[in-house]
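The following account leads the reader through a structure, one region at a time.

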Amino acid sequence: MMSNNQIDSNFFDEPSFPRRTRLQDFWAVFKKNRLAIAGLLMFGVFFLAALTGLFLTSGHKPVFDPALVRLQEKLRPPLSKANYETLRPDEIPVLGLYLLGTDDLGRDVFARMFQGAWVSLTVGFVAVMISVLVGIFMGGMAGYFGDRHVYLDHMLFLVLALSGLIMTAVGQIREGVIIFIPCLVYFVFKIILERSYKIKTRRWLANLLHKKIFSVDTLIMRIVDIMLCFPSFFLILTVVALLPASIYNIMIIIGLTSWMGTTRFVRAEFLSLKDQDFVTAARALGISDLRIIFRHIMPNAIAPVLVSSTIGIATAILTEAGLSFLGFGVPPPHATWGNILSDGKGFLFDAPWLTFIPGIAILIAVLSFNLFGEGLRDTLNPKLRDRV
Amino acid sequence: MNGKRNDKDIILNVVNLKTYFPVKAGLWRKTLGYIKAVDDVSFSIRQGQVFGLVGESGCGKSTVARTVVRLEKATFGKVYFNDLDVINADKKDIREFRRNVSLVFQDPYSSLNPRMTVGNIIGEPVKTHKIAKGEELYEKVADILERVGLSPEYINRYPHEFSGGQRQRISIARALALNPELVICDEPVSALDVSIQAQILNLLKDIQAEFDLTLLFIAHDLAVVQFFCDVIAVMYLGKIVEQAESRVLYERPFHPYTEALMSAIPQIDPSLRKKRVVPKGEVPSIANPPSGCPFHPRCRYAQEKCSEIVPELEEKGDGHIVACHFPLSK
């Protein structure tokens, strides 16, 4: 056995057999892509800034106080000196400078940007992550399992069971349980009898409802159409109005109202890839559906999703800004890039830095992620590797 | 049928296989009719045999292959692999079946996943069926690569770095990775140019001998099949019209369609050149096949009976079967 191992390790150490792990392989190609590395670095800097900002701007006596109002110092341009005569000692900013100027209430824009970075970046990322995950899941289902059928009884009892659950949650416990229990019984009955004992329940009453109504594809794509019918901003407004204002709610809601584009992308890719020979080959070799989806189709389908999601981040940051502006987003004293931007737009000619600074920050964040995303796409696609 | 003689050797037995595709149209997707891609096909393949299935494009050759491995749902009929009823098999048996039967596809450009390395492409089925892993898997893949005439150095390369012939070798390597009993080659050389075709065919031939493989070889080129197969079945519009041992079929085709196909094989030696027999007209639409013998509108020997009665397959001795009312006799 020992000698055998010896031979093996020699065998693989041969220079003609370069054997690297996936990650090493990936990194070796990725690091040649200068733009992508620049994007990654820039993004890392932003992320670190956001993290430090989180600590330096919060607490009882923060180093940078984003909420400190100095009305006598309003609309100061960037890099202007603080006026020591009119300020109390504890109101003087770090270095005695307004690095990025002050806004219409004399608040230090640098401190506000610093504080807002974390919220804006996380809103952007988490929201896009949610939307991409939901989109890939729905699109993948529609594309891969699209030709399977939804049965009327399954639909009906599922909807009933869900409404039962909601009623219970809302408070009408008795009615909710009365609706929920029979549905549960129905499913358990069907699954246990049909799967385990192979008894056909079809003969009985349930047979009347056991009809194919439409395909999974139709179901999912109609849901997408319905979601797209609503102007998404107003959809978000409606939901936000019902829920308590918090950053997490905003992230989730933005994510859950923007997955439709991704779904369409992913579905289209899946449809065209599903009938390719390499997928057929995988099926014929007995490779499981899940493995086919994640190892064979997904890597080939992910590129457009990756690129569109980088733009999605910008949209999410701006949507958050809009919501904050209308008072539905992050509650006012807390700064985000979005609400600095929208607060500043009234002073576009008097104090252009109020709009340009957060705007440029968003631009750079999005650009860096975009470069990273494209680099990732090129690296993941072996055919594009040589062009780097 | 002819397979009944020594049942023990029979590895694949296809009985009255029919695969119909519904034609749907209109708002309610009403089924207007069926495309009978495979219409009552029966054949059996013995252990170690190379069985050729020929016919022009669209005659249902590939559908037969796809139905046999259950990529397409059979409308009617049975497929037995050894003793396994493939069409009604449950998940566990199908898993076992998939281990023992593999496919080689026509297009080497779309049959390999562009995002996977050669090592992964070949190794994945081995891993999925838990035959080998780790170093053992690596060695196995390297070994198979060498068997198909590729250097094991290629193990970390991607498919786009290879030429068509090399890709087809990778495809074959993938099919061999599980040590299958039956390999179904769906026009494995049609997409390659002639010199490469010969290489791949020789490779298949060598491998077949080496592993004692059983092959179901699908092609539209009789010249290819002649070189390669023990038994040949000729398909036309979803039906098998003639089946015989390769040499017998070439020496003495009974069916006019086979005769026409034979005459299309290019002959180098001018003295062997026969007169070209070109069937009249076009292949009829498979959605709307002619009555009676499917070949009768194009057959130069057709008589009235041919357009009325569908000819049954009849044995003419030596396992030579043909479906024709007026088989050729020379």
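In chain B of this predicted model, 4 strands are arranged as an open sheet in the order 2-1-4-5, with antiparallel pairing. Its edges are formed by strand 2 (30-46) and strand 5 (84-85) of chain B, each of which pairs on one side only. Strand 1 (residues 10-25) of chain B runs antiparallel to strand 2 of chain B, and 13 bridges join the two. Within this pairing, N13(B) has S44(B) in strand 2 of chain B as its bridge partner.

Chain B also contains an open sheet of 8 strands, whose order is 6-7-8-3-9-10-12-11 and whose pairing is mixed. Strand 6 and strand 11 (314-315) of chain B are at its edges; each has a single partner strand, so one side of each lacks a neighbour in the sheet.

Strand 6 of chain B runs parallel to strand 7 of chain B, to which 4 bridges join it. In this pairing L103(B) stands opposite I184(B) of strand 7 of chain B. What covers strand 6 of chain B, one face or both faces? Both faces are covered: V101(B) and L103(B) are buried on one side, and S102(B) and V104(B) are buried on the other. Helix 5 (residues 164-176) of chain B lies across strand 6 and strand 7 (182-186) of chain B, and its direction is at about 175 degrees to strand 6 of chain B.

Strand 9 of chain B is joined to strand 10 of chain B by 6 bridges, and the two run antiparallel. V234(B) has E242(B) in strand 10 of chain B as its bridge partner. These two strands form a hairpin with 2 residues between them, in which L237(B) takes a positive phi near 45 degrees.

Helix 9 of chain B packs on this sheet, where it touches strand 9 (231-236) and strand 10 (239-245) of chain B. The direction of helix 9 of chain B makes about 105 degrees with that of strand 9 of chain B. E259(B) is found in helix 9 (residues 256-263) of chain B. Is E259(B) buried or exposed? E259(B) counts as buried because 21 C-beta neighbours lie inside 10 Å, the cut-off being 20 or more. Leaving aside residues up to four places away in sequence, E259(B) touches P253(B), V277(B) and L328(B). The C-alpha atoms of E259(B) and R276(B) are separated by 9.4 Å, with the two residues 17 apart along the chain.

The next topic is the meeting of the two chains. In all, 24 residues of chain B are in contact with 21 residues of chain A. On the chain B side, helix 2 (91-100), strand 6 (101-104) and helix 3 (118-128) each supply at least two of the residues that touch chain A. The residues of this side divide into 8 nonpolar, 8 polar and 8 charged.

Within chain A, the axes of helix 3 (residues 34-56) and helix 14 (residues 353-380) come within 7 Å and cross at roughly 140 degrees. That angle makes helix 3 of chain A oblique to helix 14 of chain A. Their crossing is left-handed. Helix 3 of chain A contributes L35(A), A36(A), A38(A), G39(A), L40(A), M42(A), F43(A) and F46(A) to the contact, and among the residues from helix 14 of chain A are I364(A), F369(A), F372(A) and E374(A). By class, this contact of helix 3 with helix 14 of chain A comprises 13 nonpolar, 3 polar and 1 charged residues.

A further helix pair in chain A is formed by helix 7 (residues 216-229) and helix 10 (residues 260-274), whose axes come within 10 Å and cross at roughly 150 degrees. The crossing of helix 7 and helix 10 of chain A is left-handed. V224(A), M227(A) and L228(A) of helix 7 of chain A meet M260(A), T263(A) and R264(A) of helix 10 of chain A. The residues of this contact are 4 nonpolar, 1 polar and 1 charged.

Conventions: Residues are numbered from 1 along each chain as its sequence is written. Chains are lettered from A and ligands numbered from 1 in the order in which they are written. This is a predicted model: local features need pLDDT of at least 70, side-chain atom pairs count only at pLDDT 80 or more; totals for chains, interfaces and linings use all residues. Axes are lines fitted to C-alpha atoms, for helices over the stretch in contact, and angles run from 0 to 180 degrees between N-to-C directions. Angles under 35 degrees count as roughly parallel, over 145 as roughly antiparallel, 65 to 115 as roughly perpendicular and the rest as oblique. A crossing is left-handed if the near helix is turned anticlockwise from the far one by less than a right angle, and right-handed if clockwise. Two residues are in contact if their C-beta atoms, placed from the backbone, lie within 7 Å. Ala, Val, Leu, Ile, Met, Phe, Trp, Tyr, Cys and Pro count as nonpolar, Asp, Glu, Lys and Arg as charged, and the others, Gly among them, as polar. Two strands pair if DSSP finds at least two bridges between them. A residue is buried if 20 or more other C-beta atoms lie within 10 Å of its own, exposed if 12 or fewer, and partly exposed in between; C-beta atoms are placed from the backbone.
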